[in-house]
Amino acid sequence: MLSLHTARHRRETAGKPRVGLAIAGGGPIGSMYELGALRALDEAIEGLDLNRMDCYVGVSSGAFLAAGLANRMRTEEMCRIFITGDSNDVAFRPSDFMRPAVAEYVRRLTALPQITQKWWRDVLRSPWDAGWSSFLMRFGSLVPTGLFDNAPVERFLRDVLSQRGRTNDFRKLDAPLYVIAVDLDNGEAVRFGSDPWRDVPISKAVQASAALPGLYPPVQVRGRSFVDGALRRTMHASVVLDQDIDLLIGVNPLVPFNAQGDDDGLEAGASHSGRLARGGLPAVLSQTFRTLLQSRMQVGLAKYATQYPDIDQLIFEPNARDGEMFFTNAFSFSARARIAQIGYRNTLADLRRRTDTLGPLLAAHGMSLREAVVNAPHRSILDGLPPATRDSDTTARLRRALDEVEQRVAAPPAAAPRAKRKRTTTRPGTARKKRQPA
């Protein structure tokens, strides 16, 4: 499903249009859907270079992909890492991301004797007040803040970004990268990659942004506890929109499932059509969480269309009738190839359905649709993957340096400074209040 907000009046520029990318979270399955969508955009749009965007923002699992793209890891490389498994420089082991947080369990259990002693003391003093609510409050602190250890998440990304000329330093990237996490103690959204957080390693920022409460424990950075960035905003698109861009491309993998209507036409896994409650608490919570995230994002996008009237916005999401996206375990890696394929084909279908509108919009930004790709409904995400190469680290660094030289030689002369945008205010004649980081 493509949400398209066409600019009311595009700013004329002599230089190359500026394009920004925002990638939301969604757990392991959500990130695989996003990878499929990004691979489709990479193949289908001529003139779009996902490795040379003018700004990136990543939230939670989407921060993995944003960090990779900003480091010039191509989508085919990521497909080989996460889908085919034949990457020559990165070994992805799903088990590393699902290791029990043993240290967290032990730390919590060590408090059991003291809590039990206090509980019995309260029971003896005031037995009528020691009900179940008191019991839960007292012993609730023994429950771990996360089931799995997210230290391997940071180590994995740190290892990936330390090879082949990549960098784990926000300050050394060619384009701004922002990774969003939320301070657990005050609810503040923090942009890693901006001052004063630019010196935090990218891998640590991604670990913090992906610390989904209940799944992973909060991540400590400078004495502060950080959790999943989606708690404040779904996609944090305004971070990109504030970077003086002309086109925003966003990907959000979590939408509520539409279980009403006939079963005909539903994707595999939609056997609970019209009866989500039969799936128990997990299904109800999943639908609730998805509904909150998408409604919040839709409200934001509606505001952005007014606040940023000269920026085109393309937001790609799954089909609401796609049961497989809903009923697949959001934290399972086993279905990653199938989910990436769904994201790939859904995105191509969106481009195909909106060709008449997208054609002029993309042309305004020096891009066009590749008809051979877009008009191939049965095309697979693996069809366009080039043969796997076995470059050494030195060869990969040399190839990266040559690519950089080629880009600099081919770059057009520097254009005159761009005119600063004027924001549309919600109430003409009054000054806009300073907005919180989105």
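S60 lies in the loop between β4 (55-59) and α2 (61-70); helices (H or I, at least four residues) and strands (E, at least two) are DSSP runs, numbered from the N terminus. This is a predicted model, where local features need pLDDT of at least 70, side-chain atom pairs count only at pLDDT 80 or more, and totals for chains, interfaces and linings use all residues. Residues are numbered from 1 along each chain as its sequence is written, and side-chain values use heavy atoms, leaving out hydrogens and water.

**The annotated site**
- An unreviewed UniProt entry lists S60 and D228 under "active site"; such positions are given in the numbering used here, feature names are shortened, and annotations may be inferred rather than shown by experiment.

**S60**
- With 6% relative accessibility, S60 is buried (under 20% relative accessible area; exposed is over 50%, partly exposed in between, with a 1.4 Å probe and protein chains only).
- Not counting residues up to four places away in sequence, S60 touches G25, S209, A210 and D228 (contact means heavy atoms within 4.5 Å).

**D228**
- Strand β8 (residues 224-228) holds D228.
- D228 is buried too, at a relative accessible area of 3%.
- Beyond its neighbours within four places in sequence, D228 is in contact with several residues, including V59, S60 and V182.
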